[in-house]
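Hello,

Here is the structure I said I would pass on. My notes follow below it.

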Amino acid sequence: MRQIISTPEAPSSPLFSQGVKAGPHVYVSGLVGIDVKSGQVAGPTIQDQTRQALTNCQAVLTAAGATLDDVVEVGVLLTNPADFAGMNEEYATWFPAEPPARYAAKLGAEIPGILVSIRMTAFLG
C-alpha cells in the first residue's frame with residue numbers, strides 16, 4: 001500500500017511528493033532550507049539551512065505519523081562539501097544519541113542560495 005504524504009508545513013512541488021508511506025516505511029523527499037511561512041531561504045549559513053531542512057523533514061514525518069526517533073537513514077547533500085562541519089554542528093543537536101545511518105554527498109543540482117538538501121527514511125515497526 002502506497003500513501004502520499006503532504007503537509008503545508010514543508011516546501012512542496014508538483015514534481016515530487018513530500019513523502020510516501022509504504023507499509024511501515026516513510027520516505028521523505030530531499031527537502032531544502034526554505035521557510036514555508038516566508039517562502040524564503042531560512043538564512044545564509046549552513047546551520048540556518050540545515051535547521052530548516054530538518055524542520056521541514058520533521059513536518060513530513062509528523063504528517064505521516066512518525067517522529068525523528070523512527071528515522072533509520074538520513075541523506076545529506078551539500079552544495080559545498082566544505083560546509084560539512086557546520087552541517088554536523090546543527091545536525092548533532094537533532095540526533096544527540098543513537099543517530100540513524102547517514103550518508104553525505106555533493107548536491108549535483110545548482111539551486112541559487114541553497115546550501116543543503118536532506119532526505120530521510122523512517123520505519124514504523
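How many aromatic pairs does the structure hold? It holds 1, where a pair means Phe, Tyr or Trp rings (for Trp the six-membered ring) with centres within 6.5 Å. The ring centres of Y91 and F95 are 5.0 Å apart and the planes are at 40°, so the pair is tilted (planes under 30 degrees apart count as stacked, over 60 as edge-to-face, the rest as tilted). Y91 and F95 are both buried, that is, under 20% relative accessible area with a 1.4 Å probe, protein chains only. Over the ring of Y91 sits the charged end of R102, 4.6 Å from the centre (the criterion is NZ of Lys or CZ of Arg within 6 Å of the ring centre and within 35 degrees of the ring normal).

The model is predicted, with local features needing pLDDT of at least 70 and side-chain atom pairs 80 or more, while totals for chains, interfaces and linings use all residues. Residues are numbered from 1 along each chain, and side-chain values use heavy atoms, without hydrogens or water.

On the sheet: it is open, has 6 strands in the order β1-β2-β3-β8-β6-β7, and its pairing is mixed (strands are DSSP E runs of at least two residues, helices H or I runs of at least four, numbered from the N terminus; pairing needs at least two bridges). β6 (residues 71-78) pairs antiparallel with β8 (residues 116-123) over 7 bridges. β6 and β7 (residues 101-106) run parallel, joined by 6 bridges. L77 stands opposite S117 in β8 and opposite A105 in β7.

Regards

Definitions and conventions:
Buried < 20%, exposed > 50% of the residue type's maximum accessible area, 1.4 Å probe, protein only.
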